[in-house]
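Biologist: I would like to go through the labels given to this model and hear what each one rests on.
Modeller: Then ask about them one at a time.

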Amino acid sequence: MERKKYYITTPIYYPSDKLHIGHTYCTVATDVLARYHRLRGEDVMFLTGTDEHGQKIEDKAKEAGVSPKAFVDQIVEGPRGVLDLWKLMDISNDRFIRTTDDYHVESIQKIFRKMYEKGDIYKGTYRGKYCKPCESFWTESQLVDGKCPDCGREVQDAEEEAYFFRLSNYADRVRDLLENTDFLQPRSRVNEMVKNFIEPGLDDLCVSRTSFTWGVPVDFDPGHVVYVWVDALSNYITALGYGNEKRDGYDRYWPADAHIVGKEIVRFHSIIWPAMLMSLELPLPDHVFGHGWLLLDGGKMSKSKGNVVDPYILAEQFGVDALRFFLMRTFPFGSDGNFSNELLIQTINTDLANDLGNLVSRTTAMAGKFFGGTLPEDQRADEEKDAGLTELLKGLRGRYEESMEQFAPHKALEEVFKAIQRANKYIDENAPWVLAKNPEDHPRLARVLYNLLETTRICGVLLTPFMPGSMEKLFGQIGAPEACRTWESAAEWAKLPRTVTVEKGENLFPRVDIAQAMDELQAAVEAAKKAALPEIELEPQSEETVDFDTFCKSDFRAVKVKACEAVKKSAKLLKFTLDDGTGTDRQILSGIHKWYEPEDLVGKTLIAIVNLPPRKMMGLESNGMLISAVHTEKGEECLHLLMVDDAIPAGAKLC
């Protein structure tokens with residue numbers, strides 16, 4: 001399959017303050033595909049980066065007391081940040097784009113203006129629902145149980161002056177693209193996009209905001225900033241110099257061969273992005289591939305749900321290549337997969353230690369023991385005994401290539417490990433230790449070991465995109481020269497020199513003691529949590545005692561937040577409408593607006609003292625007090641409302 005260039009991208013990631021293994025999964029997969037195409041001799045451009053604008057960033061920076069740019073700089077470039085993680089995971093991206101880069105900002109303004117001057121962008125008023133965590137606009141009908149269909153969190157009402165993109169004008173062309181080409185893969189995603197978004201009718205897309213300022217300004221209407229997804233999606237062309245002079249490569253690499261994205265953002269990449277390109281009259285990418293999620297306990301990994309798995313800890317404990325291999329070997333690319341540390345260890349032990357590691361160590365050890373490390377020229381084949389292995393290996397590259405071209409790295413690895421398992425069986429069938437006892441059988445012994453080394457070489461070439469560092473060590477141990485490590489050589493049997501010299505080195509993949517590893521992993525997690533704890537100051541405990549009868553007079557109850565809003569003309573007060581289990585709503589005012597936004601508290605279960613006498617605050621009556629914890633961190637007072645399990649019913653008494 002001849003191809004001169006290959007342009008592949010990951011989505012540019014929102015710079016979360018905690019990257020989890022799910023982010024690593026997508027980037028490692030894209031890196032494997034990029035390395036595969038480089039192995040084939042193609043001119044590869046691999047792009048990744050960070051999506052740094054939007055209301056979420058502005059709000060988080062405000063909470064942290066820094067500017068939005070300083071906030072994202074620390075997460076992207078700081079210790080154990082995005083760039084550090086990609087370096088640790090041996091990610092071979094050619095370019096890294098940040099949407100705060102000046103050239104990207106310049107290009108976005110030109111792109112927005114071009115679509116506006118074409119008539120595809122117009123000014124109006126947005127009224128609807130907005131999910132702040134996803135930076136997504138939704139209609140009422142698109143919500144699931146009144147919540148964001150992507151992340152399941154609360155949405156908020158939004159109304160503001162905005163510009164709109166005439167997405168509806170491109171509905172027919174986008175539908176044709178999805179249904180009648182292989183643009184979107186796997187094919188199962190197509191029906192989801194058509195049924196859920198196109199058939200109900202594509203609404204025009206809100207593409208600017210006026211309620212915050214952290215974004216690319218619309219240069220002809222400075223009160224507006226460009227909608228974060230228009231900003232983010234365009235990175236695939238701005239990084240190649242479209243609309244700016246600082247970068248280059250657009251004519252060389254565009255259109256992209258593949259955008260590799262998580263399934264939660266397939267809608268943006270398969271509907272909005274092609275419509276934008278159609279408006280700009282630019283070629284469309286060849287493919288968008290929407291992979292599945294890594295799940296923990298049946299739920300999607302996310303920092304907000306508290307089930308993040310730290311890739312730093314896993315890589316440091318088990319090795320980068322072992323982690324890369326596990327992610328690609330274990331989960332069918334395109335489907336969801338259930339992640340567990342036990343499964344990671346089992347995969348390392350079964351595939352890497354028992355199968356591949358055992359093959360390398362046994363073969364090099366026998367070559368050293370029986371021939372001093374260098375195989376003799378005199379070798380005797382046995383066609384009947386050798387054919388099963390050699391024929392399997394001669395067709396391996398073709399089967400591997402077919403899987404990789406179909407975005408199925410897990411199937412490519414399956415083919416490689418069939419060969420590795422067959423080689424281990426070949427050892428048992430030929431019993432080299434028996435052949436070594438009779439000098440007349442030494443030529444046969446030499447050929448058996450040569451066949452094993454040649455199998456290892458071919459498999460090593462094909463495993464290089466997955467485990468580049470480990471395969472370099474493997475080639476050194478089996479004595480494979482550079483000419484035997486190429487894509488072309490992987491299709492040819494007997495490329496390894498007949499009198500090859502091996503060097504038994506360290507065990508590439510030591511077996512992991514699962515019980516010990518799980519204990520060490522837990523200890524590492526706890527140590528990381530402890531190291532991340534901020535230095536805090538607590539108020540000294542009161543020395544004044546309260547008698548038990550007085551304490552018992554305070555009536556602590558669980559209350560459910562039905563509604564919450566800021567009190568007008570007050571910078572501190574929030575007004576809560578609470579279900580306290582009595583059947584009558586209770587109103588409590590609390591001066592916590594500095595730490596909480598009203599929409600973030602709706603639906604939460606809090607604790608309140610409900611038998612305090614009513615008091616007036618800003619002309620409003622407050623009937624009770626919400627319980628919170630206070631401490632000082634870095635000189636700033638911090639407050640945390642006491643929240644309890646939502647399973648506790650409203651009105652339940654604390655005792």
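Biologist: Why does Arg557 count as partly exposed?
Modeller: This is a predicted model, and the labels apply to it as such. Arg557 has a relative accessibility of 25%. Buried needs a value under 20% and exposed a value over 50%, so Arg557 at 25% falls in between and is called partly exposed.

Biologist: What makes Asp555 buried?
Modeller: The relative accessible area of Asp555 is 16%.

Biologist: What does the salt bridge between Glu159 and Arg127 tie together?
Modeller: The closest N and O atoms of Glu159 and Arg127 are 3.2 Å apart.

Biologist: Which parts does the pair of Lys473 and Glu506 tie together?
Modeller: Lys473 belongs to helix H20 (residues 468-478) and Glu506 to the loop between H20 and helix H21 (514-532), so parts 33 residues apart in sequence are linked. The N to O distance in this salt bridge is 3.4 Å. Lys473 has 46% relative accessibility and therefore counts as partly exposed.

Biologist: Which residues line the largest cavity?
Modeller: Glu506 is one of the lining residues, and others include Gly357, Val360, Ser361 and Gln477. Helix H14 (residues 341-371) gives the most to this lining, with 3 residues. By class, the lining of the largest cavity has 2 nonpolar, 5 polar and 2 charged residues.

Biologist: What makes this space a cavity and not a pocket?
Modeller: A cavity is a set of points where a 1.4 Å probe fits but cannot get out, whereas a pocket is an open set. The largest cavity holds about 50 Å³ of space, and the structure has 1 cavity of 30 Å³ or more.

Biologist: How much space lies in the second largest pocket?
Modeller: The second largest pocket holds about 340 Å³. It is lined by 19 residues, and the closest to its centre are Phe137, Thr139, Gln142, Asp203 and Asp204. The lining of the second largest pocket divides into 11 nonpolar, 4 polar and 4 charged residues.

Biologist: What is set apart about the backbone at Arg80 and Ala494?
Modeller: Most residues other than glycine have a negative phi. Phi of Arg80 is near 55 degrees, and phi of Ala494 is near 70 degrees. Arg80 is in the loop between helix H3 (68-77) and helix H4 (82-88), while Ala494 is in the loop between H20 and H21.

Biologist: Which peptide bonds are called cis?
Modeller: The bond from Gln185 to Pro186 is cis, with omega near -10 degrees. Another cis bond runs from Trp254 to Pro255, with omega near 10 degrees.

Note on methods
Residues are numbered from 1 along each chain as its sequence is written. This is a predicted model: local features need pLDDT of at least 70, side-chain atom pairs count only at pLDDT 80 or more; totals for chains, interfaces and linings use all residues. Side-chain values use heavy atoms; hydrogens and water are left out. A salt bridge is a side-chain nitrogen of Lys or Arg within 4 Å of a carboxyl oxygen of Asp or Glu. Helices (H or I, at least four residues) and strands (E, at least two) are DSSP runs, numbered from the N terminus. Buried means under 20% relative accessible area, exposed over 50%, partly exposed in between (1.4 Å probe, protein chains only). On a 1 Å grid over the protein atoms alone, a cavity is a set of points where a 1.4 Å probe fits but cannot get out, and a pocket is an open set with protein on both sides within 12 Å along at least five of seven lines; lining residues have an atom within 4 Å of a point. Grid points are joined across faces, edges and corners, and a volume is the space filled by probe spheres set on the points. Ala, Val, Leu, Ile, Met, Phe, Trp, Tyr, Cys and Pro count as nonpolar, Asp, Glu, Lys and Arg as charged, and the others, Gly among them, as polar.
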